[in-house]
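Please prepare a short briefing on the packing and aromatic contacts of the protein shown below. Keep it plain and give the cut-offs.

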Amino acid sequence: MENILTILTFLFGLFKLSSEIVITTPSVVGMKDLKVDLGCRYQSTAVWYVIQWKRLYPNMEQETITTLKNDGKSSTPMPIWEGIRDESFRTRVRTSVYVDVTSVDFTISIHDFSCNDTGVYVCQVVGSSLLNNSTNLTIAAKPGAPRVIDDEVILEENDTYTLECIATAGIPVADLRWYYKIPGSSDFVRIDQESEQELLDIDDCSQKAIQKIDVIVNPETDGIIYRCKVESDLLDNKERNSFYDDVLLKLPIKVIPQPEYRMPQTKAPIDPSNRANSISGYLTFCLIGALLILTALL
C-alpha cells in the first residue's frame, strides 16, 4: 500500500510539472515609433506564483522590468515596477493582466518603439518550479518617399549628367530603383545596371539611402523622363504607387537666326500743290524773259 502511494505521488508530481508551462512568442518584430506587445502566458492551476519580465542585455546582464505576484489571496494581482535604469523606457511601458482558472496572461506593451528597445526579453515564473521563456524583439521601419534633387535638366547633346535620388532607408534597408520612359511611350522601363546604393547614418535608428545614375540625352531621347522609386515589402499598395519622384531631361531649344530686315527704298510721293507751284514759277520766268527781250529791241 505504501508503495502504491509513493508511485501515485510521483505520477502526480510529473503531471503537475508537465501541465505547468510558460509560453512566449520566440520572435517579435515591432514597427518603429509604434506600439509593440510582448505576451507571456503562464499555463497552470497554481494559485501562488511570481511572474517577472526581464530584459537581457548583450553582456548577459539582466534587468527586471516588472513583477506580478499572487499569494493566493487575490484574484486580480497588480504588477510591481522594479528599479529600471532607463527612465524613458519605464515611462513608455504599460502592462496588462488576464487571469482565469487555467492560465495567467501577463503582457508588456512598449510605446514609441525604437532601436534602443530591441533585444531579448525573458518571462520568468516561480511557481511549483522555476520556468522561463524568451522573446527576441527586433525592429522594422518603413522607408520614406524618395526625392530627386532636380525637377528638370537641360543638357547639350551627348553631355553626361549624374542624377541623385535620396530617401530615408527604412529597416530593413529599402531599394531605390531607377526607371525611364522615352518620349511617345506610356510605360516606364527599369534600369538594371545601377551603381551600388550609398547609406549615410541619420541617427542611431535611421539611415539615408542615396542612389545615383549617369544619364545622357540626344535628339532621339529629347524629353526622356527618369523615375526614382522606393521598393520595400513594408509599403502598402497606395505607398507603392506613390513613392516615386520624376525628373525631365531635354535638349536646349535651338534658336534659328533670321535674316536682317531692311526697309524698302521708295520715292516720296509728289505733292500736287508743289507741282502746281513749280509750273507757275516756270511760266513766270519765261514771261519775264520775253519782256526783257522786247524792251531791248525797242
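Is Tyr49 buried or exposed? Tyr49 is buried, because its relative accessible area is 2%, where buried means under 20% relative accessible area, exposed over 50% and partly exposed in between (1.4 Å probe, protein chains only). The model is predicted: local features need pLDDT of at least 70 and side-chain atom pairs count only at pLDDT 80 or more, while totals for chains, interfaces and linings use all residues. Residues are numbered from 1 along each chain as its sequence is written, and side-chain values use heavy atoms, with hydrogens and water left out.

**Aromatic pairs**

- The whole structure holds two aromatic pairs; rings of Phe, Tyr and Trp (its six-membered ring) pair if their centres lie within 6.5 Å, and planes under 30 degrees apart count as stacked, over 60 as edge-to-face and the rest as tilted.
- Tyr49 pairs with Tyr42 in an edge-to-face arrangement, at 5.7 Å centre to centre and 65° between the planes.
- Tyr42 counts as buried because its relative accessibility is 1%.
- The pair of Tyr180 and Tyr226 is tilted, because the planes are at 45°, with the ring centres 6.5 Å apart.
- This pair links distant parts of the chain, with Tyr180 in strand 14 (residues 175–181) and Tyr226 in strand 18 (residues 224–231), 46 residues apart; strands (E, at least two residues) are DSSP runs, numbered from the N terminus.
- Tyr180 is partly exposed at 27% relative accessibility, whereas Tyr226 is buried at 9%.

**Nonpolar cores**

- The largest nonpolar core has 25 residues, and those with the most contacts inside it are Ile51, Trp53, Ile110, Tyr121 and Leu137; such a core is a set of buried Ala, Val, Leu, Ile, Met, Phe, Trp, Tyr and Cys residues joined through side-chain atoms within 4.5 Å.
- At least two residues of this core come from each of strand 3 (36–43), strand 4 (49–56), strand 5 (62–70), strand 8 (103–110), strand 9 (119–126) and strand 10 (130–140).
- Another core, of 24 residues, lies apart from it and includes Ala169, Val215, Val230 and Leu249.

**Arg55 and Tyr121**

- Leaving aside neighbours within four places in sequence, Tyr121 is in contact (heavy atoms within 4.5 Å) with residues including Trp53, Arg55, Phe89 and Leu137.
- Arg55, in strand 4, makes a side-chain polar contact with the side chain of Tyr121 at 3.4 Å; a polar contact is a pair of N or O atoms within 3.5 Å, and within protein one must be able to donate a hydrogen and the other to accept it, while residues adjacent in sequence count only if both atoms are side-chain atoms.
- Arg55 is buried yet has no salt bridge, and Asp117, the nearest side chain of opposite charge, is 4.7 Å away; a salt bridge is a side-chain nitrogen of Lys or Arg within 4 Å of a carboxyl oxygen of Asp or Glu.

Key:
Helices (H or I, at least four residues) and strands (E, at least two) are DSSP runs, numbered from the N terminus. Lys and Arg count as positive and Asp and Glu as negative; His and the chain ends are not counted.
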